[in-house]
Amino acid sequence: MKYKFDRIEDAVSDIKNGKLVMILDSREREYEGDFVGAAAKVTAQTINFMTLYARGAYIAVFMPAGRCETLEIPPMCATNDSFNQTKFRVAVDARSGISGSSAFDRAKTVNLLADPKAKASDFIRPGHVVPIEANERGLLGRIGHTEAGVELVRLAGFTPAVAVDLEILDDDGQMAHEKKLFELRKKFNLKIIQLDDLASYIKNRPAP
């Protein structure tokens, strides 16, 4: 079956309006679909929706290069042996939260990671939300969901360009691909784009 993906511009518009979009990686890499949205726009309802319909490992927050240092969030471990060298950072909670694990507390943490006024002392380490640092050149430096999320949020006009993410599982527990993603697209009226299309869009986009 031939699937028709959405335009990058339409996905950016939804991100700007606080909606989630889905990004599908290529078959040459992880070939998985993720929910992605602007961290600044996340609500408890957003978190609840993601955990219910994606069911991935944990809520991740994609951070532009340098922001983790600003907030004094160190690498998760001294040696990075992760698949694709993903730059995991120590999980955090908003200090103003309660348990840290509720949808309301995790939304608060995600919002705070995107707040330009946030400071290191606003967070407890370790926590329940995992920041992941993007390559400093974005998709021009690394082709991954982390960079794609940051690029989308940046295109939507958010500063800092911080994205929320959760990997989508299929009904059998395997990573979701086109069939499952397009079922979610139809059911919830969500946009879906290909990571490679976004990378091409960024590469060929005229300089501002």
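Where does P160 lie? P160 is placed in the loop between α5 (145-155) and β7 (163-167), helices (H or I, at least four residues) and strands (E, at least two) being DSSP runs numbered from the N terminus. The model is predicted: local features need pLDDT of at least 70, side-chain atom pairs count only at pLDDT 80 or more, and totals for chains, interfaces and linings use all residues. Residues are numbered from 1 along each chain as its sequence is written, and side-chain values use heavy atoms, with hydrogens and water left out.

**Overall architecture**

- The protein has 7 helices and 8 strands.
- Its radius of gyration is 16 Å, close to the 17 Å that the globule rule gives for 208 residues, so the protein is as compact as a globular protein of that length; the radius is taken over C-alpha atoms, and the rule is 2.2 Å times the number of residues to the power 0.38.
- Along the principal axes, the C-alpha atoms fill a box of roughly 50 × 40 × 35 Å.
- Of the contacts (heavy atoms within 4.5 Å) between residues at least 6 apart in sequence, 73% join residues at least 24 apart.

**Surface and charge**

- Buried residues make up 50% of the 208 residues; buried means under 20% relative accessible area, exposed over 50%, and partly exposed in between (1.4 Å probe, protein chains only).
- The accessible surface comes to about 10400 Å², of which 51% belongs to carbon and sulfur atoms, by the Shrake-Rupley method with a 1.4 Å probe.
- There are 29 positive and 29 negative side chains, and the centres of the two sets lie 5 Å apart. Lys and Arg count as positive and Asp and Glu as negative, without His and the chain ends, and each charge is placed at NZ of Lys, CZ of Arg, CG of Asp or CD of Glu.

**Surroundings of D14**

- D14 belongs to helix α1 (residues 8-16) and is buried, with a relative accessible area of 9%.
- The side chains of D14 and K191 are joined by a polar contact of 3.3 Å, that is, a pair of N or O atoms within 3.5 Å; within protein, one must be able to donate a hydrogen and the other to accept it, and residues adjacent in sequence count only if both atoms are side-chain atoms.
- Neighbours within four places in sequence aside, D14 is in contact with K19, V21 and K191.

**Backbone features**

- The peptide bond from T159 to P160 is cis, with omega near -5°.
- A cis peptide bond also joins R125 and P126, with omega about -5°; P126 is found in strand β6 (residues 123-133).
- Y31, a residue other than glycine, has a positive phi near 50°; Y31 sits in the loop between β1 (21-24) and β2 (33-38) and is buried at 14% relative accessibility.
- Q85, not a glycine, has a positive phi of about 55°; Q85 is in the loop between α3 (67-70) and β4 (87-88) and is partly exposed, with a relative accessible area of 46%.
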